[in-house]
Amino acid sequence: MNYSDYIALIPLLPLAGFVLLGLFGKKYFRRSSGYIGVLILVMSTALAFYTAYQYFFVSGKVHDTYQTIIPLKYTWLQFSSGTSINMGILVDAISVMMLVIVTFVSLMVHIFSLGYMKGEERFSTYYSFLSLFTFSMLGLVMASNIFQIYFFWELVGISSYLLIGFYYDRPSAVAASKKAFIVTRFADLGFLIGILILAYEGGTLDFNTLIERLTNTQSSQYINITTASFLGISVMTWALTLVFIGGAGKSAMFPLHIWLPDAMEGPTPVSALIHAATMVVAGVYLVARLFPVYSINEAALHIVTWLGAISALLAALIACTQTDIKRVLAYSTISQIGYMMFALGAAKYGGEAGTGFTASMFHLFTHAFFKSLLFLGAGAIIHAVHSNEMKDMGSLRKFMPVTHITFLIACLAISGVPPFAGFFSKEEVLLAAFNSNKFIYSIALFTSGLTVFYMFRLYFSVFWNKQREKHEPPHGISFTMKLPLIILGAGTMFIGFIPFGKYVSSDGKLLESAFHLNFSIAPVCFALAGIAIAMWMYKTESNRPHRVAAAFGGLYQAAHKKFYMDEIYLFVTKKIIFNLVGRPAAWIDRNIVDGTMNGMAYSTAKISGWIKGIQSGKVQAYAMYFFIGIIVLVIIVLYLWK
Amino acid sequence: MSGIPISHILFLSTALFFIGMYGLFTRRNLITMLMAIELILNSVNINFVVFNKFLWPGKLDGIFFTIFIITIAAAEAAVAIAIIINLFRSHRSIDVEDATEMKW
């Protein structure tokens, strides 16, 4: 079978599901909408796996290089002979990899939600939103055109907004959904400007042509975009940085990360799907998609690297101090995406120097598994104890053995303990950082220690620590919730052994991972130390955490308050933007814009009032007007007409 | 018969027209107003006949028009009286001042 025969079905099936459940779900599929959603996703997932098999093992490789294939293309809007917005499907190594991740994690979340959202009032609405999200995310990863990616980018934004605000009767959820939408929209403004610059200078919106033109140092487009400059910085750097700002907003990179922890107000399976595994890595995917262009621009790559590293470190520090189980995981997600970003930033195009690219994609792949597992596990815990706060948990290992084991596997994986998935990907990330910049490497190494500490802090506080004095034990979880945990747990154990460099590399060629046992000594030692410290502090109930917190003093306070980022944002928006921009704009709107409109309406009404008296309803008056009119016409015709 | 000059007849038709116009504007009774309109129509008829006779004596176009107008006037009177009867049924009056609902 050709790709074009079935590949469009992968995103279109969830779209059909969205339409079906969105329009008719409430009326006809109240109970069965979950099963319909799962069934559709099973079909999509099967097709995605088949595509991956076809691409990686049968037909994707030509001359030992994985090709970029465009099986479907349809011109949607033609601007000029070279520039058009196309709706197409692009198949290459990273898009196929993302296809597999998105459909698979989405399937797991669909199954998990059968149990988690059971009895929910808006059950079918929930599933229709999930389908909408899956459709948009699949469209995003398969986009062949930079404007097409922007469409789907906004579509995932809106489905994320809808799902964060799913419990719309909670004010905090509504506020969180607004915050997420506004912050990402703000970042998308940068993305849009970046797209426009690239399209203007490159003369095309098509990914392949754009990359071809902007990486060829002889082409006129390349010469134009690098020689033109704005504020002393080349237009190329501006464009790539602006595009990266869009990616940073979606991927919750510092300082645009503030929406992600609040987004945890949504249902937990949604956090697993959107805010851990798929949507938030869209920024990484975007940079990877344009990587050949990024790789020849030092400045943009530096921004990617440093923002990634700073986000990784700050988010890890904050995660150590949070007490809400989902917020810890949210900061951990930011931190891990930071890893992916700086791995990309540390890479170069092609060959051995492209390790960072492979590492980033590998980490994205494994992270999707263990982080969605962690979130689903957290969902199971929250479902059982009806609380997000870690202090309400403890000693859960006796009550929830399946959750306990799978959660432990995920914790070990994110900590980079061999032989779990995270070990392999994290080693490659660290290796890439080591080869490019020693300072970044030290940040990464320290962050990996922090990661282990906060993950095991979470693990020990939830599953060990104090005895439960509650009279009723937390109730167990249903089979539909256990199944995804088990599947993802098994995945997390084994996917690390995939020789990723064989399939995904910056130039499509085979990349042998230069992997040394000696190199992994340091990270593994950090990991074990982190586990030991967390065990000492949190395995049994004691006042050690307080003593340690007191010893860190100011740093602890700052991290606990999330480095005052929210306060800074509030200050800037409320005090500066609202007062200096918002109020004058509102005044102009109310008094000048509205005043003009009201004045026009008022004068129209006044004049109408004057002239409406003519229509008096008196027949004789009308006859008189008629007669006068005739006389006037007669005078004109007889005397004035020359 | 042939002694009457055209100006006399035109004077008659003009007088008839303005008497009709005066009636149309000053009477409040709808039937009287209808009669005033008939006067106006007849003044036009006289004009047609007289101009036919003095300008194109061998032709009949003006005469035909006069017959045409008389027919129209009859039809118009029928419609107008039907309207007046309906008005009387709804308003209990045929005073034109009482039927001024159709205004702004």
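Trainee: Where is the place of A:Ala252?
Mentor: A:Ala252 sits in the loop between H10 and H11 of chain A. Keep in mind that this is a predicted model.

Trainee: Buried or exposed, that A:Ala252?
Mentor: A:Ala252 counts as buried, because its relative accessibility is 0%, and the cut-off for buried is under 20%.

Trainee: And what is phi of A:Ala252?
Mentor: Phi of A:Ala252 is near 55 degrees, which is a positive value in a residue other than glycine.

Trainee: Which residues does a cis peptide bond join?
Mentor: A:Phe254 and A:Pro255, with omega at about 0 degrees. A:Pro255 is also in the loop between helix H10 (235-250) and helix H11 (259-262) of chain A.

Trainee: Why does B:Arg92 count as exposed?
Mentor: B:Arg92 is exposed because its relative accessible area is 62%, and exposed means over 50%.

Trainee: While we're on chain B, how far apart are the end C-alpha atoms of helix H1?
Mentor: They are 30 Å apart. H1 of chain B covers residues 6-26, and at 1.5 Å a residue its 21 residues should span 30 Å, so the two values agree.

Trainee: What do the buried residues of H1(B) pack against?
Mentor: Helix H26 (619-640) of chain A together with helix H2 (30-55) of chain B. The buried residues of H1(B) include B:Leu16, B:Met21, B:Leu24 and B:Phe25.

Trainee: Now the core. Which residues touch the most other members of the largest nonpolar core?
Mentor: A:Tyr294, A:Met361, A:Ile381 and A:Phe456, in a core of 195 residues.

Trainee: What does A:Phe456 touch?
Mentor: Leaving out residues up to four places away in sequence, A:Phe456 touches A:Leu408, A:Cys411, A:Leu412, A:Ser415, A:Ile531 and A:Ala534. There is also a second, separate core of 16 residues, with A:Leu430, A:Ile440, A:Tyr441 and A:Leu445 among them.

Trainee: Pockets next. How much space lies in the largest pocket?
Mentor: About 1000 Å³. Its lining has 36 residues, and A:Cys320, A:Phe453, A:Arg457, A:Met537 and A:Tyr538 lie nearest the centre.

Trainee: Which helices supply at least two residues of that lining?
Mentor: In chain A, helix H20 (438-463), helix H22 (521-538), helix H23 (544-552) and helix H24 (554-560) each do.

Trainee: How many of the lining residues are nonpolar, polar and charged?
Mentor: The lining of the largest pocket has 20 nonpolar, eleven polar and five charged residues.

Trainee: Last two residues. Where is A:Ala277?
Mentor: A:Ala277 is in helix H12 of chain A, residues 268-277. A:Ala277 counts as buried because its relative accessibility is 0%. Its C-alpha atom is 8.1 Å from that of A:Leu364, 87 residues apart along the chain. Contacts of A:Ala277 include A:Val105, A:Ala368 and A:Ser372.

Trainee: And A:Lys118, buried or exposed?
Mentor: A:Lys118 counts as exposed, because it has 68% relative accessibility. A:Lys118 is in the loop between helix H4 (93-116) and helix H5 (123-141) of chain A. Beyond residues up to four places away in sequence, A:Lys118 touches A:Ser113 and A:Phe123.

Note on methods:
Residues numbered from 1 in each chain as written. Chains lettered and ligands numbered in written order. Predicted model: local features only at pLDDT ≥ 70, side-chain atom pairs only at ≥ 80, totals over all residues. Heavy atoms only, no water. Core = buried A, V, L, I, M, F, W, Y, C linked by side-chain atoms within 4.5 Å. Buried < 20%, exposed > 50% of the residue type's maximum accessible area, 1.4 Å probe, protein only. Contact = heavy atoms within 4.5 Å. Helix = DSSP H or I, 4+ residues; strand = E, 2+ residues; numbered from the N terminus. Expected span 1.5 Å × (residues − 1). 1 Å grid on protein atoms, 1.4 Å probe; cavity = no way out; pocket = protein on both sides within 12 Å on 5 of 7 lines; lining within 4 Å. Points joined across faces, edges and corners; volume = space filled by probe spheres on them. Nonpolar A, V, L, I, M, F, W, Y, C, P; charged D, E, K, R; others polar.
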